[in-house]
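Here is a short briefing on one protein chain. Look over the sequence and the model, then read the points below.

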Amino acid sequence: MLFDFYGPLLTEKQQTFLKYYFHDDYSLGEIAADAGVSRQAVYEHLKRAEQVLESYERKLGLVSRHDRLQEGLDRLEREIGGLPDEWRRMLAETAALLRGSEEEGNERE
């Protein structure tokens, strides 16, 4: 999740190594062979990138904000389900609008 929010702020090499390691399930050796560096160098790039991502989250808190918004929207949608029919449609549309704007914000990042 941190990579989804802050990945573009990393160096190209950090982005590539993280993508290969976490998304594509490459081993350190496979990444090292592709990049022409040692396994230790790959490991150090990965650790540094993780530290940078965690630092961004501590400072900016976008992932935790996103999680809180999603929890709030889930709760809102559950509560809407218990309302009379005449209120439910309008509030459900508003919740869907909020959920859609949160998803659009993630796509831009």
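Ala32 is in contact (heavy atoms within 4.5 Å) with Val37, Ser38, Arg39 and Val42, leaving aside neighbours within four places in sequence. This is a predicted model, where local features need pLDDT of at least 70, side-chain atom pairs count only at pLDDT 80 or more, and totals for chains, interfaces and linings use all residues. Residues are numbered from 1 along each chain as its sequence is written, and side-chain values use heavy atoms, with hydrogens and water left out.

**Ala32**
- Ala32 sits in helix H3, residues 28-35.
- Helices (H or I, at least four residues) and strands (E, at least two) are DSSP runs, numbered from the N terminus.
- Ala32 counts as buried because its relative accessibility is 6%.
- The cut-offs are under 20% relative accessible area for buried, over 50% for exposed, and partly exposed in between, with a 1.4 Å probe and protein chains only.
- Between the C-alpha atoms of Ala32 and Phe17 there are 9.2 Å, and along the chain 15 residues.

**Gln14 and His45**
- Gln14 belongs to helix H2, residues 12-23.
- With a relative accessibility of 10%, Gln14 is buried.
- Not counting residues up to four places away in sequence, Gln14 touches His45, Arg48 and Ala49.
- His45 lies in helix H4, residues 39-60.
- The relative accessible area of His45 is 28%, so His45 is partly exposed.
- Beyond neighbours within four places in sequence, His45 is in contact with Lys13, Gln14 and Phe17.
- His45 and Ala35 are 10 residues apart in sequence, and their C-alpha atoms are 12 Å apart in space.

**Leu76**
- Helix H5, residues 62-80, holds Leu76.
- Leu76 is partly exposed because its relative accessible area is 35%.
- Leu76 and Ala95 are 19 residues apart along the chain, with 7.2 Å between their C-alpha atoms.

**Largest pocket**
- The largest pocket holds about 180 Å³ of space.
- A pocket is an open set of points on a 1 Å grid over the protein atoms alone, where a 1.4 Å probe fits, with protein on both sides within 12 Å along at least five of seven lines.
- The volume is the space filled by probe spheres set on the points, which are joined across faces, edges and corners.
- Lining residues have an atom within 4 Å of a point, and here they include Met1, Phe3, Leu18, Phe22, Glu50 and Leu53.
- Helix H1 (2-6), H2 and H4 each supply at least two residues of this lining.
- The lining divides into 6 nonpolar, 1 polar and 3 charged residues.
- Ala, Val, Leu, Ile, Met, Phe, Trp, Tyr, Cys and Pro count as nonpolar, Asp, Glu, Lys and Arg as charged, and the others, Gly among them, as polar.

**Whole chain**
- The chain has 6 helices and 0 strands.
- Its radius of gyration, taken over C-alpha atoms, is 20 Å, whereas a compact globule of 109 residues would have one near 13 Å.
- That globule rule is 2.2 Å times the number of residues to the power 0.38.
- The C-alpha trace spans about 65 × 25 × 20 Å along its principal axes.
- Of the 109 residues, 25% count as buried.
- Among contacts with a separation of 6 or more, 56% join residues 24 or more positions apart.

**Confidence**
- Mean pLDDT (the predictor's confidence in each residue, from 0 to 100) is 90 for the chain, and 93% of its residues reach 70 or more.
- Among the elements, H4 has the highest mean pLDDT (97) and helix H6, residues 85-108, the lowest (77).
- Where pLDDT is low, the predicted coordinates should not be read in detail.
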